[in-house]
Amino acid sequence: MTFSVRSVMVAQESLTSLEICAGAGGMALGLESAGFAPVALVERDAKTCRTLSTNRPHWNVIQASLEEFEPEDHSEVYDVDLMSAGMPRIKSAATVKRPEDRAERELFRCALYLVGPVQPRAVLFDNVPEMVQSDAFAAEREEIRKELEHLGYRLHWRVLNAKDFGVPQDREHGLMVALKERYADDFAWPESAPEALAVGDVLHASMRTRGWAHADRWRARAQRFAPTLVGGSDRRGGADLGLPGSKAIWRSIGINGNTVANADAQQDRKGRSTPSVQWDLSGKGWGLDMEPEDMPALTVAQAALVQGFPDTWRIQGLKTHAYRQVGQAVPPPLAAAVGRQIARALRGAGVTED
């Protein structure tokens, strides 16, 4: 067997990507580990852009809404290998008249129609599981199919659960991968990771760092997946760990899901740091019969660990906004698993026989 020069060069080169609706960087971070170097990340929120720039100063972060973003003003985004997006969550056609859904639908169409001018070799969109598997979203899937097939892409749909890819959370994502026809046959969805992670194991060290004397006992009890982190909507109030069902699960493993704790040093609106009583768990007891307010609450940093971010990733902003960034993120390990499969398809086998 000999190697094609072109194949070897492609295999050694970094692949390029454009990410829109970039959020706190979960998808971009995962795709980075899969070999994609972003030429630009588009995000409308200033604080979220600060999260991206703080953690990856070399990334080209563009603060703009999708309605404002014009590819001709950023020529580096043309002909990238991959265009990715954590697509805005929309409701089904049955509830399209809800006023709060109209902005998300407009962003959804902006993201879809951006594929034409950018002409990436592959597209990755993330959304709710229902987008992939529910009859209520048949019209939306058909709109996507018509637009992308017209542009020469073949579509692949799948619901994947983050818990199957090294994330300590039961969290389903509806994913669409579209590839230009020449690459489509080489794509396959990723297989589950061989080992699952329990939320107790992932958070154990951080619980000890917070001074909790019962961290070891809690870890033994928390040998399960966390429920899906929600609460990421800009329209919701303060930060908490989700709906009543999710909070009940957190309570069953000894966590107060009704709030999110302040960091070790809470920053006020003027940027001044003040001590955080909630962070210090040295006086907290342990018992599943306790009231939720007597149980430890997770910090934003711990919620990010549950979402699959590394402990070095720093979410910027005040607590509620920072938690929203975490709640809206795509878990990096899930993005990495899908990204590796896209990269493999774009590179073929990496080698060719002459």
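Visitor: How many bridges join strand 1 to strand 4, and do these strands run parallel or antiparallel?

Guide: In general, the strands of a sheet pair through backbone hydrogen bonds, in either a parallel or an antiparallel manner. In this predicted model, strand 1 (residues 15–20) and strand 4 (residues 82–86) run parallel and are joined by 4 bridges. Within strand 4, Ser-84 is the residue opposite Glu-19.

Visitor: What is the order of the strands in the open sheet?

Guide: The sheet has 7 strands in the order 3-2-1-4-5-7-6, and the pairing is mixed. Strand 3 (61–63) and strand 6 (153–161) are the edge strands, each pairing on one side only. On average, neighbouring strands are turned by 15° against each other, direction ignored.

Visitor: Which strands does helix 2 touch as it packs on the sheet?

Guide: Helix 2 (residues 26–33) touches strand 1, strand 2 (36–43), strand 4 and strand 5, and its direction makes about 145° with that of strand 4. Helix 7 (residues 138–150), for its part, lies across strand 6 and strand 7, at about 140° to strand 6.

Visitor: Is Thr-51 buried or exposed?

Guide: A residue is called buried when its relative accessible area is under 20%. Thr-51 has 0% relative accessibility and therefore counts as buried. This residue belongs to helix 3 (residues 46–55), and its contacts beyond four places in sequence include Ala-24, Trp-313 and Gln-325.

Visitor: What is the volume of the largest cavity?

Guide: Its volume is about 70 Å³. The lining divides into 9 nonpolar, 2 polar and 1 charged residues, with Phe-108, Asp-126 and Trp-157 among them. Strand 5 (122–127), helix 6 (130–133) and strand 7 (172–180) each give two or more residues to this lining.

Notes. Residues numbered from 1 in each chain as written. Predicted model: local features only at pLDDT ≥ 70, side-chain atom pairs only at ≥ 80, totals over all residues. Heavy atoms only, no water. 1 Å grid on protein atoms, 1.4 Å probe; cavity = no way out; pocket = protein on both sides within 12 Å on 5 of 7 lines; lining within 4 Å. Points joined across faces, edges and corners; volume = space filled by probe spheres on them. Nonpolar A, V, L, I, M, F, W, Y, C, P; charged D, E, K, R; others polar. Buried < 20%, exposed > 50% of the residue type's maximum accessible area, 1.4 Å probe, protein only. Contact = heavy atoms within 4.5 Å. Pairing = 2+ DSSP bridges. Axes fitted to C-alpha atoms, helices over the stretch in contact; angles between N-to-C directions.
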